Amino acid sequence: MAGFALAPGGSTLSLLWTTCGTGLCVASANAINQWIETPYDAQMQRTRNRVLVRHSLTPTRAFLFGLSSGVAGCSILACFVNPITAVMGGLNIVLYTMVYTPMKRTTIANTWAGAVVGAIPPMMGWTAVTGMLDPGAWLIGFLLYAWQFPHFNALAWNLRPDYSKAGYRMMAVTHPQLNTRVALRYALLMFPLSASCTYFGLTSLYFLGTSSCINGYMAWCAYRFWKDPNEKTARTLFFSSLVHLPVFLALMIVHKENNEQTQ
């Protein structure tokens with residue numbers, strides 16, 4: 001819960017309730033998504049062993065689990081955290097299942113919609129503490145939004161046969177050159193977004209230097225992927241993004257402005 005840790009204040013009990021409620025909302029979105037996409041998951045090597053594809057769970061039970069998880073998650077957030085975080089949790093379930101999921105089969109804009117879905121949970125961590133969507137919440141959301149493009153576009157490159165077989169409209173399948181450009185563009189965007197963390201008072205000036213190192217490595221990997229897109233450069237960018245995110249968030253917490261003032 002990086003958003004929670006970065007926000008000013010917050011209690012351990014609130015963190016537990018936020019984690020529980022957010023986790024149930026995520027479980028709800030994933031369950032309903034798999035319930036919708038079962039016929040397409042069966043066509044993809046990456047997803048053909050999911051429980052609904054293997055008939056280890058009935059569709060009715062999967063849907064009821066998703067529905068009950070969503071209700072429980074939003075209720076916990078509303079009762080024990082605050083209303084705005086509960087609304088964001090419910091909104092994210094709707095965005096994932098009713099916007100992003102159907103868009104995957106119709107337009108490459110699904111990647112941008114999916115990035116919004118991925119950006120909301122850390123914003124929920126922030127609002128759980130502050131109770132408002134202030135600049136800190138939006139900045140954390142933008143950071144996670146931008147990070148997802150080098151991460152997902154690199155992943156999608158090596159999954160093109162699977163996506164094509166299942167009929168998904170992914171950039172890597174229909175617009176491969178755009179796929180690599182977008183990955184590089186958003187990797188570079190991490191630099192000004194990192195500087196904004198200091199400008200808005202989330203982190204100290206030291207964060208500019210430390211974040212530039214890991215941003216630079218991911219940007220270099222994204223540049224190589226754009227220059228010569230192949231399985232190797234895609235895999236390198238994907239794994240660099242996996243390392244990048246936890247290190248980046250850890251650096252934000254270490255260089256949190258309140259921490260620096262305390263020291």
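**Close-up 1. Helices α6 and α11 pack against each other.** Helix α6 (residues 135-157) and helix α11 (residues 231-254) have axes that come within 7 Å and cross at roughly 155°. Here the axes are lines fitted to C-alpha atoms, for helices over the stretch in contact, and the angles run from 0 to 180 degrees between N-to-C directions. Helices are DSSP runs (H or I, at least four residues), numbered from the N terminus. The two helices are therefore roughly antiparallel to each other; angles over 145 degrees count as roughly antiparallel, those under 35 as roughly parallel, 65 to 115 as roughly perpendicular and the rest as oblique. The crossing of α6 and α11 is left-handed, a word used if the near helix is turned anticlockwise from the far one by less than a right angle, with right-handed used if clockwise. This is a predicted model, in which local features need pLDDT of at least 70 and side-chain atom pairs count only at pLDDT 80 or more, while totals for chains, interfaces and linings use all residues. Residues are numbered from 1 along each chain as its sequence is written, and side-chain values use heavy atoms, with hydrogens and water left out.

**Close-up 2. The residues where α6 meets α11.** To follow the contact of α6 and α11, look on the α6 side for Leu143, Leu144, Trp147, Pro150, His151, Ala154, Leu155 and Trp157. On the α11 side, the residues include Glu231, Ala234, Leu237, Phe238, Ser241, Leu242 and His244. Contact means heavy atoms within 4.5 Å. Sorted by class, the contact of α6 with α11 has 15 nonpolar, three polar and one charged residues. In this sorting, Ala, Val, Leu, Ile, Met, Phe, Trp, Tyr, Cys and Pro count as nonpolar, Asp, Glu, Lys and Arg as charged, and the others, Gly among them, as polar.

**Close-up 3. Ser241, a buried residue of α11.** Ser241 lies in helix α11. At 0% relative accessibility, Ser241 counts as buried (buried means under 20% relative accessible area, exposed over 50%, and partly exposed in between, with a 1.4 Å probe and protein chains only). If you set aside its neighbours within four places in sequence, Ser241 is in contact with Trp147, His151 and Met218.

**Close-up 4. Helices α2 and α4 side by side.** Helix α2 (residues 12-41) and helix α4 (83-103) pack at an angle of about 20°, with their axes 9 Å apart. They are therefore roughly parallel to each other, and their crossing is right-handed. From α2, the contact is made by Cys25, Ser28, Ala29, Asn30, Ile32, Asn33, Ile36 and Glu37. From α4 come Gly89, Ile93, Tyr96, Thr97 and Thr101. By class, the contact of α2 with α4 has six nonpolar, six polar and one charged residues.

**Close-up 5. A salt bridge between Lys104 and Glu37.** In a salt bridge, a side-chain nitrogen of Lys or Arg is within 4 Å of a carboxyl oxygen of Asp or Glu. By this rule the count comes to three salt bridges. In one of them, Lys104 pairs with Glu37, and the closest N and O atoms are 3.0 Å apart.

Close-up 6. The side chains of Arg50 and Asp41 meet at 3.1 Å, N to O. Arg50 is partly exposed, with a relative accessible area of 26%, whereas Asp41 is buried at 2%. Glu231 forms a salt bridge with Arg235, with the closest N and O atoms 3.8 Å apart. Both of these residues lie in helix α11, four residues apart, about one turn of the helix. Arg235 counts as partly exposed at 39% relative accessibility.

Close-up 7. Thr127 is found in helix α5 (residues 110-130) and counts as buried, at 0% relative accessibility. Beyond its neighbours within four places in sequence, Thr127 is in contact with Asn82, Ile84, Thr85, Met88, Met132 and Leu133. Pro121 also lies in α5, but Pro121 is partly exposed, with a relative accessible area of 22%. The C-alpha atoms of Pro121 and Gly141 are separated by 8.2 Å, and these residues are 20 residues apart along the chain.
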